[in-house]
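Reader: Hi, I have a new structure to look at. Can you walk me through it?

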Amino acid sequence: MVSSEVPTRRHMSPDEELERAMTDYLRVSRGAHLYASGDEHQRAEEAAWGRLETARDLMEGAPATS
């Protein structure tokens with residue numbers, strides 16, 4: 001049987017979330033030439049930065065892993 005549900009991203013640990021958010025931010029930041037306008041790039045960069053800050057805050061509140 002084939003599922004018609006939209007696949008969702010697997011749950012990531014705080015470490016993985018931070019690493020992914022950092023990678024995504026750097027891709028957006030370096031990819032200005034991929035956007036139709038400077039405004040679109042700026043909005044995408046601000047959204048990626050916000051996600052990075054959220055991931056960082058989550059990391060700071062997360063219990064340490066050994």
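Author: Let's start with α2. It has 24 residues and reaches 35 Å from its first C-alpha to its last. That is close to the 34 Å expected at 1.5 Å a residue. The expected span is 1.5 Å times one less than the number of residues.

Reader: Where does this model come from?

Author: This is a predicted model: local features need pLDDT of at least 70, side-chain atom pairs count only at pLDDT 80 or more, and totals for chains, interfaces and linings use all residues. Residues are numbered from 1 along each chain as its sequence is written, and side-chain values use heavy atoms, leaving out hydrogens and water.

Reader: How many helices and strands does the protein have?

Author: The protein has 2 helices and 0 strands. Both kinds are DSSP runs, numbered from the N terminus: helices are H or I with at least four residues, strands are E with at least two.

Reader: Back to α2. Which residues are buried there?

Author: His41, Ala48, Leu52 and Ala55. Buried means under 20% relative accessible area, exposed over 50%, and partly exposed in between, using a 1.4 Å probe and protein chains only.

Reader: And what covers the buried residues of α2?

Author: The cover includes α1.

Reader: Which residues make up the largest nonpolar core?

Author: It has 7 residues: Leu18, Ala21, Tyr25, Val28, Ala48, Leu52 and Ala55. α1 (14-30) and α2 (38-61) each give two or more residues to this core. The largest share, 4 residues, comes from α1. A nonpolar core is a set of buried Ala, Val, Leu, Ile, Met, Phe, Trp, Tyr and Cys residues joined through side-chain atoms within 4.5 Å.

Reader: Take leucine 18. What is it in contact with, leaving aside neighbours within four places in sequence?

Author: Leu52, Ala55, Arg56 and Met59. Contact means heavy atoms within 4.5 Å.

Reader: New topic. How many aromatic pairs are there?

Author: The count is 1. Tyrosine 25 and tryptophan 49 pair edge-to-face, 5.2 Å centre to centre with 65° between the planes. Tyrosine 25 sits in helix α1 and tryptophan 49 in helix α2, 24 residues apart. The rule takes rings of Phe, Tyr and Trp (its six-membered ring) with centres within 6.5 Å; planes under 30 degrees apart are stacked, over 60 edge-to-face, the rest tilted.

Reader: Is tyrosine 25 buried or exposed?

Author: Tyrosine 25 is buried, at 16% relative accessible area. Tryptophan 49 is partly exposed, at 36%.

Reader: What share of the protein's residues is buried?

Author: Buried residues make up 18% of the 66.
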